[in-house]
Amino acid sequence: MKINPIFFICALLLSFSVQAQNIKVTLNDGTVTEGEIVEYSTLSKTPDQIKVLSNGKIEIYDPSQVSGFELDGDKYISRVVDLNINTQDAQNLTDFSELEWVLKQVFLKVLVEGTVGLYTYHDSRLHYFATKGNTIVELVKLKRLNKSTVNQYVGQLNILFSDCETQQKTDNIQFNTISLRRAVMEYNQCVSGGSEYVQENDPADISFYILGGYTITSYSISADGVFSGYQVDPESDGSFTFGVGFDVNLLRKSRKLLFYNEVLLQNYKFGGFTRNQISPEQYIDYQFNVDLDYLEITNALRYNFGAEPSKANIFGNIGINHGIQVSNTSSEYSVNVFRDTETRTEREPLGGDIANYRISFSVGLGLRYKFAMAEVRYGFSPRISTDPITTTTTPLNFLMAFKVF
């Protein structure tokens with residue numbers, strides 16, 4: 001079985017993104033263990049256990065062994081809860097008549113702590129829990145197959161917030177993290193002057209760049225019939241390119257894994273020639289000249305091997321490129337020579353099959369220092385035309401990018 005190198009490199013970059021992160025675990029007896037968490041990616045859902053690498057040894061903890069842990073700015077606590085287990089995935093919805101529960105000790109992610117606390121647990125869906133005093137309850141909103149909804153969370157919030165006269169109407173509280181967190185924070189402000197802890201919401205970490213550079217492009221061409229002798233002249237050509245880009249940080253408190261996007265104006269210019277010798281006295285010369293501009297939109301996964309802005313850091317990226325043709329001044333003609341007579345005929349360039357849109361892949365390696373980046377990027381042979389003349393390009397980009405904000 002062949003392995004596509006594009007997906008192999010993508011998987012490799014993704015493996016870097018799940019590198020170990022610092023964790024502080026508080027055991028039930030109050031002992032604190034610090035180390036690195038293994039399998040960080042599992043926290044997309046709430047883990048049933050955590051693996052911690054400390055002093056060269058991996059320790060495995062389940063919720064019954066710890067009171068909580070802190071990871072990457074987030075807090076988790078361990079609690080025994082009544083967990084609702086009514087199926088809610090689209091393929092298995094039912095017209096259930098009763099709510100089903102299981103008693104389970106789990107890790108809960110802390111959203112708000114105060115007179116009323118708000119927590120989440122994520123398995124096949126996202127559960128919300130609220131605490132007041134020694135009571136912890138799951139806030140319930142469930143859908144039935146018949147499109148009706150079991151909507152208990154509004155009444156539950158009415159009870160939790162009953163001792164605050166200025167609390168907003170619970171009918172206006174949506175069943176999502178933003179709305180529930182805001183409601184709990186308002187209640188805590190009303191009864192006790194504020195919350196003891198609120199999960200930090202990092203602002204969107206986005207950087208914008210201007211780019212410029214030079215592209216060396218190699219061209220290849222293949223055709224059947226009278227066009228089979230086409231030769232590209234020159235075999236490679238270069239052009240200047242410029243554009244804009246931005247990246248979005250995908251990891252909290254670290255700029256190691258980025259979603260990088262850019263738009264480049266890229267020119268492709270080359271020519272070709274072939275002769276069809278019909279007889280000693282007659283031949284036809286075919287000549288084409290391609291001059292195209294594409295807006296090339298790149299969406300890439302970028303990994304920084306170092307993320308300290310005061311130092312030079314190497315980065316690598318793999319991306320998918322969308323080329324949209326914005327200019328075409330290509331031409332093609334043939335000259336039929338018979339003895340002393342010449343007949344010139346204008347033709348559709350490359351058989352009239354020049355792509356208005358094309359898609360390809362690229363990989364790059366670069367160096368970042370403070371506000372500047374230099375990158376070498378290789379493109380994987382996107383086609384300009386396919387039939388009857390197949391023309392591909394292999395661009396090698398030398399790019400400089402400067403962060404503007």
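The side chains of aspartate 163 and tyrosine 187 are joined by a polar contact of 2.8 Å. The model is predicted. Its secondary structure comes to three helices and 25 strands, and buried residues make up 42% of the 405 residues. Of the contacts between residues at least 6 apart in sequence, 61% join residues at least 24 apart.

**Aspartate 163**

- Aspartate 163 is found in the loop between helix H2 (153-160) and helix H3 (177-192).
- A second polar contact, of 3.2 Å, links the side chain of aspartate 163 to that of lysine 132.
- Apart from neighbours within four places in sequence, the residues in contact with aspartate 163 are Lys132, Tyr187 and Val191.
- Aspartate 163 counts as partly exposed because its relative accessibility is 47%, which lies between the 20% limit for buried and the 50% limit for exposed.

**Helix H3**

- H3 has 16 residues and reaches 22 Å from its first C-alpha to its last, close to the 22 Å expected at 1.5 Å a residue.
- At the start of H3, the backbone nitrogen of isoleucine 178 has a side-chain oxygen of asparagine 176 within 3.3 Å.
- Glycine 193 follows H3 and has a positive phi, near 85°.
- The buried residues of H3 are Ser179, Leu180, Arg181, Ala183, Val184, Tyr187 and Asn188; Tyr187 is also the polar partner of aspartate 163.
- The cover over these buried residues includes H2 and the strands S7 (101-113), S8 (116-122), S9 (126-132), S10 (135-139) and S13 (197-198).

**Asparagine 188 and glutamate 113**

- Asparagine 188 lies in helix H3 and counts as buried because its relative accessibility is 0%.
- Not counting residues up to four places away in sequence, asparagine 188 touches Val112, Glu113, Gly114, Thr115, Val116, Gly193, Gly194 and Ser195. Among them is Gly193, the glycine that follows H3.
- Glutamate 113 lies in strand S7 and is buried, with a relative accessible area of 16%, where the limit for buried is under 20%.
- The side chain of glutamate 113 makes a polar contact of 3.1 Å with the side chain of lysine 75.
- With residues up to four places away in sequence left out, glutamate 113 touches Lys75, Ile77, Tyr119, Asn188, Ser195, Glu196 and Tyr197.

**Cavities**

- The count comes to three cavities of 30 Å³ or more.
- The largest cavity holds about 150 Å³ of space. Of the 20 residues that line it, the closest to its centre are Glu296, Asn321, Ser360, Pro395 and Asn397.
- Two or more lining residues of the largest cavity come from each of the strands S17 (254-279), S18 (282-304), S19 (313-328), S22 (357-369), S23 (372-379) and S25 (389-403).
- By class, seven residues in the lining of the largest cavity are nonpolar, nine are polar and four are charged.
- The second largest cavity holds about 40 Å³ of space. Its lining is made of Leu211, Tyr260, Arg302, Phe315, Met373, Ala374, Glu375, Arg377, Leu399, Met400 and Ala401.
- S23 and S25 are the elements that give two or more residues to the lining of the second largest cavity. S23 gives the most, with four residues.
- The lining of the second largest cavity divides into eight nonpolar, no polar and three charged residues.

- Most residues other than glycine have a negative phi.
- Asparagine 55 has a positive phi, near 55°. Asparagine 55 lies in the loop between strand S3 (50-54) and strand S4 (57-61), and is exposed, with a relative accessible area of 83%.
- Arginine 339 also has a positive phi, near 55°. Its place is in the loop between strand S20 (331-338) and strand S21 (341-347), and arginine 339 is exposed, with a relative accessible area of 55%.

How values were computed
Residues numbered from 1 in each chain as written. Predicted model: local features only at pLDDT ≥ 70, side-chain atom pairs only at ≥ 80, totals over all residues. Heavy atoms only, no water. Buried < 20%, exposed > 50% of the residue type's maximum accessible area, 1.4 Å probe, protein only. Contact = heavy atoms within 4.5 Å. Polar contact = N/O pair within 3.5 Å; in protein donor to acceptor, adjacent residues only side chain to side chain. Expected span 1.5 Å × (residues − 1). 1 Å grid on protein atoms, 1.4 Å probe; cavity = no way out; pocket = protein on both sides within 12 Å on 5 of 7 lines; lining within 4 Å. Points joined across faces, edges and corners; volume = space filled by probe spheres on them. Nonpolar A, V, L, I, M, F, W, Y, C, P; charged D, E, K, R; others polar.
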